[in-house]
Structures are given as structure tokens and as C-alpha cells.
Amino acid sequence: MKKMLVILVAFIIFPSLLLAQTPEQARRIEEQKRENLRPTEGQTSKVKKKTPPPLDPIDLVYFAELMLKKITYRYDISKAIVILMGVENQFIDLGSQITFLKNENILPKKFDKKEFDVTKPLRKGLTAYMFCKALKIKGGILLTLFGVNQRYALKELVHQGVMSSGNVKDVVSGEELVLILTRAGIYMAKKQKIKQDKQKT
């Protein structure tokens, strides 16, 4: 049953995450399209077709192992966020991932001064906070007035359909984290498409 679930989720998640292109990947593909539209200098018998560079492969082992976890830990979300941001090949080890999360202000400010203990179970509040920051969700009045905190971040992500409701202290399962990552990828892809459509008009 678990194997079937992993296969089912794989078919759901991976196309979604592939749609969530990084700005660099989107730029390369756009440049390639422009190059293909340029007029050729004289007609040649053979036209060389250029294909856009392939997107980075997704770590299937990571998702398969994650799906089977009853309890996830903070190191799980560190990798999940870098995958979402499309920088997993640049930040491979845990130390560099945490540095990236701090530099991008994805980790709560309190971890600037104290250690981010990656061995602690991952809770829903921290998950909501980090995904909210990674997705750059502006939010409603509460987030605008009080800034991002775990409780308001959770409410906002439930509203956006990225997370399911619950208590900020609830421990996140592997299946739930995969689902959140999938929905976050879909949210990011939609946001990117809206931005591109606005630029065209």
C-alpha cells in the first residue's frame, strides 16, 4: 500500500515541481525561444534545432524515504525548501542549506543567535513560517500588521491551500511534508505564470 502511495504521489508532485522553474531556468528557456525566432543567415540544407537545457533532476530517493516517515525533523524541511527554491544542486550538504535559509531570511530571526537544532521534530508552525517566507507570501491584514509568525503563517497557508489546518505544535509527517511541498510548487508555478502574463501585457 505504501509503495502504491509513493508512486501515486510521485506522479502528482514531480510534474508540479518541474513547473516551478527558478528565475534562472525561466530566463534560459526564454533566451532559447528568442534565439529560435531569429532569422537565419542564408538557407542551409540542415537546420540545427536547439533544445532548452533540461531541468535539474528531482531526488526520487529523498521523496520516497520522506513519504515513509511518521515523524519528520528539521533537517527534512531544510532540504525540502532548497528543492522548492531550485537550488538543491548548489546547497547539497545540511550546513550549506541552513546557511542559505538564514541568508534568505527563511529561518526565524531567533536562530540568528541560537543554534537551529536540526534533530528536533518538525512542527507545523515552523513549517508554515518557513514555507510562507520561501513563497514570499505577503498575506492579509494580520501578516501586514504583525509580520510573519508561526500562527499567522499557518492561517495564511491554509487560506492559500498550501497546508491543512491544525495546531502550530503538531508534528509533521513525511506524507504531509511531501504534500505541502507539492502544493507550494504549484502555488509558485501559478505565481510565476501570473507575473509572466503581466509582463506580456
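**Rings, charges and helices: a chat**

Visitor: Is Phe100 buried or exposed?

Guide: Phe100 counts as buried, with 9% relative accessibility. Buried means under 20% relative accessible area, exposed means over 50%, and partly exposed is in between (1.4 Å probe, protein chains only). Keep in mind that this is a predicted model, where local features need pLDDT of at least 70, side-chain atom pairs count only at pLDDT 80 or more, and totals for chains, interfaces and linings use all residues. Residues are numbered from 1 along each chain as its sequence is written, and side-chain values use heavy atoms, with hydrogens and water left out.

Visitor: OK, rings next. How many aromatic pairs does a search of the whole structure find?

Guide: The search finds 4 aromatic pairs. One of them is Tyr73 with Tyr75, which counts as stacked because the ring centres are 5.8 Å apart and the planes are at 10°. The rule takes rings of Phe, Tyr and Trp (its six-membered ring) with centres within 6.5 Å; planes under 30 degrees apart are stacked, over 60 edge-to-face, and the rest tilted.

Visitor: What are the relative accessible areas of Tyr73 and Tyr75?

Guide: Tyr73 has 25%, so it is partly exposed. Tyr75 has 33%, and is partly exposed.

Visitor: And which aromatic pair is Phe100 in?

Guide: Phe100 pairs with Phe91 in a tilted arrangement, 4.7 Å centre to centre with 35° between the planes. Phe91 is partly exposed at 21%, whereas Phe100 is buried.

Visitor: Switching to charges: how many salt bridges are there?

Guide: The count is 3. A salt bridge here is a side-chain nitrogen of Lys or Arg within 4 Å of a carboxyl oxygen of Asp or Glu. Side chains of opposite charge can pair when their charged atoms come close.

Visitor: Which residue does Asp76 meet in a salt bridge?

Guide: Asp76 meets Lys69, at 2.9 Å from N to O. Asp76 is buried at 5%, and Lys69 is partly exposed at 25%.

Visitor: What about Lys124?

Guide: Lys124 meets Glu176 in a salt bridge, 3.0 Å from N to O. Lys124 lies in helix H7 (residues 124-134) and Glu176 in helix H10 (residues 174-200), so this pair ties together parts that are 52 residues apart in sequence. Helices (H or I, at least four residues) and strands (E, at least two) are DSSP runs, numbered from the N terminus. Lys124 is buried, at 5%.

Visitor: Which residue forms a salt bridge with Lys193?

Guide: That's Asp197, with the closest N and O atoms 3.2 Å apart. Both lie in helix H10, 4 residues apart, about one turn of the helix. An α-helix has 3.6 residues a turn, so residues three or four places apart point the same way.

Visitor: New topic: which residues of H9 are buried?

Guide: In helix H9 (residues 150-160), the buried ones are Tyr152, Ala153, Leu154, Glu156 and Leu157. The charged end of Arg151 sits over the ring of Tyr152, 5.1 Å from the ring centre. For that label, NZ of Lys or CZ of Arg must be within 6 Å of the ring centre and within 35 degrees of the ring normal.

Visitor: What follows H9?

Guide: Gly161 comes after H9, and its phi is positive, near 80°.

Visitor: Last one: where is Met188 found?

Guide: Met188 is in helix H10, and is buried at 17%. Its C-alpha atom is separated by 9.5 Å from that of Lys136, 52 residues apart along the chain.
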